[in-house]
Amino acid sequence: QVQLVESGGGLVQPGGSLRLSCAASGSIFSINAMGWYRQAPGKERELVAGIRSGGRTNYADSVKGRFTISRDNAKNTVYLQMDNLKPEDTAVYYCNADIIRFDGRGDYWGQGTQVTVSS
């Protein structure tokens, strides 16, 4: 079994910052790409940022220059540092990971964490 557990969401004022964390645990051999997605009410889930095992990153245009994705391979954890938050960043944020287990491979999702940007 593999599990992704997120933390760090909450309520923040516009211009503020939050840091999301997502830790993978279980029968993990290695992790390929990891990423953060978000889904706002009435909208489709969208990619926010991704990071490959070697560290290469990509970002949605809407968050470039404000969000930073990073990972700690020793801890099987991915982070999303969110700065200069805007009301339009309000959404449920989900982490995702392409995980190679000792008995196979799978695409895994966290349970989601709410981020609300409001004054």
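## A first stop at R45

Leaving aside neighbours within four places in sequence, R45 is in contact (heavy atoms within 4.5 Å) with Y37, R38, Q39, Y94 and W109. R45 sits in the loop between β4 (28-39) and β5 (46-51); strands here are DSSP runs of E with at least two residues, helices are runs of H or I with at least four residues, and both are numbered from the N terminus. With a relative accessibility of 34%, R45 counts as partly exposed. On that scale, buried means under 20% relative accessible area, exposed means over 50%, and partly exposed is in between, using a 1.4 Å probe and protein chains only. R45 and A91 are 46 residues apart in sequence, and their C-alpha atoms are 9.4 Å apart in space.

## About the model

This is a predicted model, in which local features need pLDDT of at least 70 and side-chain atom pairs count only at pLDDT 80 or more, while totals for chains, interfaces and linings use all residues. Residues are numbered from 1 along each chain as its sequence is written, and side-chain values use heavy atoms, with hydrogens and water left out.

## The overall fold

Along the sequence the pattern reads β-β-β-β-β-β-β-β-β-β-β. The radius of gyration of the protein chain is 14 Å, close to the 14 Å that the globule rule gives for 119 residues, so the chain is as compact as a globular protein of that length. That radius is taken over C-alpha atoms, and the rule is 2.2 Å times the number of residues to the power 0.38. Along the principal axes, the C-alpha atoms fill a box of roughly 45 × 25 × 25 Å.

Of the 119 residues in the protein chain, 42% are buried. Take the contacts between residues at least 6 apart in sequence: 55% of them join residues at least 24 apart.

## Surface and charge

The protein chain exposes about 6,400 Å², and carbon and sulfur atoms supply 46% of that area. Accessible areas come from the Shrake-Rupley method with a 1.4 Å probe; for residues, only the protein chains shown count as cover.

On the charge side, there are 13 positive and 11 negative side chains, and the centres of the two sets lie 4 Å apart. Lys and Arg count as positive and Asp and Glu as negative, with His and the chain ends not counted; each charge is placed at NZ of Lys, CZ of Arg, CG of Asp or CD of Glu.

## The disulfide

How many disulfides does the structure hold? There is one disulfide, meaning a pair of cysteine sulfur atoms within 2.5 Å. The disulfide joins C22 to C95, with an S to S distance of 2.0 Å. C22 lies in strand β3 (residues 18-26) and C95 in strand β9 (residues 91-101), so the pair ties together parts that are 73 residues apart in sequence.

The torsion about the S-S bond of C22 and C95 is about 40°, so the disulfide is right-handed. C22 and C95 are both buried.

R66 is buried, with a relative accessible area of 9%, whereas G65 is exposed at 87% relative accessibility.

Not counting residues up to four places away in sequence, R66 touches Q81, M82, D83, N84, L85, K86 and D89. As for G65, its C-alpha is 20 Å from that of Q39, and the two residues are 26 apart in sequence.

## Two asparagines with positive phi

Most residues other than glycine have a negative phi. N76 has a positive phi of about 50° although it is not a glycine. N76 is found in the loop between β7 and β8 (77-82) and is partly exposed, at 24% relative accessibility.

N84, one of the residues that R66 touches, also has a positive phi, near 50°. N84 is in the loop between β8 and β9, and at 43% relative accessibility N84 counts as partly exposed.

## A glycine in strand β10

Where is G104 found? G104 has its place in strand β10 (residues 104-109), and at 27% relative accessibility G104 is partly exposed. G104 and G54 are 50 residues apart in sequence, with 21 Å between their C-alpha atoms.
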